Amino acid sequence: MWDGYSLLYVQGNDKSHGQDLGQAGSCLRQFSTMPYLSCNIYQRCNLASRNDYSYWLSASSTIPMMPVDNDAVEPHISRCSVCETPGPVIAVHSQDQSLPSCPAGWQGLWDGYSFIMHTGAGGSGSGQSLSSPGSCVETFRPNPFIECHGRGTCHYYANKYSFWMATVKPDEMFISQTPEVLDQEKGQDLRSRVSRCRVCVRPPKTNSRQPHPAFWHDVTNPKTQTQGAANAQPLLRQAGFQ
């Protein structure tokens, strides 16, 4: 339907508001380091003049040493596409390293890693509903988002955290957890404790594209046949099939 840039959440007045990555609202057609403005009761609005933030899902570019601005920002911003599906879409999480199966009668769209929450400046942040396809990110990275400011710069800061669903063994559900630290610099695989997920879609039933039975008439009667044809088309349009 359209392509855009992946907005994760915004923060203003130390309050944050997140976007569901599985919904169309997270895919903005245009990118700006400060995509919103604030207005007050004195009929005044401020754009890019406050200490507000925007957070975007990041691309796989190498983390820069210093904040980037202007054209240097673009390689760090994830792209997105809004698509129409033939039925409802959900995410299924395994809570282990194996890929989960879709419910009976559903079809898989993509596999990923279970992304649950993120925090930014001042400890504020947002999260993803685990039923939403936005919680199943195809690529795991410990730094999956970038912070941008009204002054036009973006950077990955050390006080930003991402939270992922962990693996849980069935025989360890009701026992105390053992603290564990995974360090990529020591050659440890960070993904070894991250839950896997799959996004599934329920295809339409075979007969769901047929006109409503009330609009099928005895074809031996020309009058009822004409009325049936005239009435069936609007029904199909309302159902989204034309």
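Colleague: In the hairpin of S1 and S2, which residue takes a positive phi?
Modeller: With two residues between the strands of that hairpin, Asn-13 takes a positive phi near 55 degrees. Strands here are DSSP runs of E with at least two residues, numbered from the N terminus. This is a predicted model, in which local features need pLDDT of at least 70 and side-chain atom pairs count only at pLDDT 80 or more, while totals for chains, interfaces and linings use all residues. Residues are numbered from 1 along each chain as its sequence is written, and side-chain values use heavy atoms, with hydrogens and water left out.

Colleague: In what sense do S1 and S2 pair, and over how many bridges?
Modeller: They pair in the antiparallel sense over four bridges, where pairing requires that DSSP finds at least two bridges between two strands. Val-10 stands opposite His-17 in S2.

Colleague: Back to Asn-13: where is its place, and is it buried or exposed?
Modeller: Asn-13 sits in the loop between strand S1 (2-12) and strand S2 (15-18). Asn-13 is exposed, with a relative accessible area of 56%, and the cut-offs are under 20% for buried, over 50% for exposed and in between for partly exposed, using a 1.4 Å probe and protein chains only.

Colleague: New topic: which residues in the largest nonpolar core touch the most other members?
Modeller: Of its 15 residues, those are Leu-8, Tyr-55, Phe-115, Phe-140 and Trp-164. A nonpolar core is a set of buried Ala, Val, Leu, Ile, Met, Phe, Trp, Tyr and Cys residues joined through side-chain atoms within 4.5 Å.

Colleague: What is Tyr-55 in contact with?
Modeller: Leaving aside neighbours within four places in sequence, Tyr-55 is in contact, meaning heavy atoms within 4.5 Å, with residues including Leu-7, Leu-8, Phe-145 and Ile-146.
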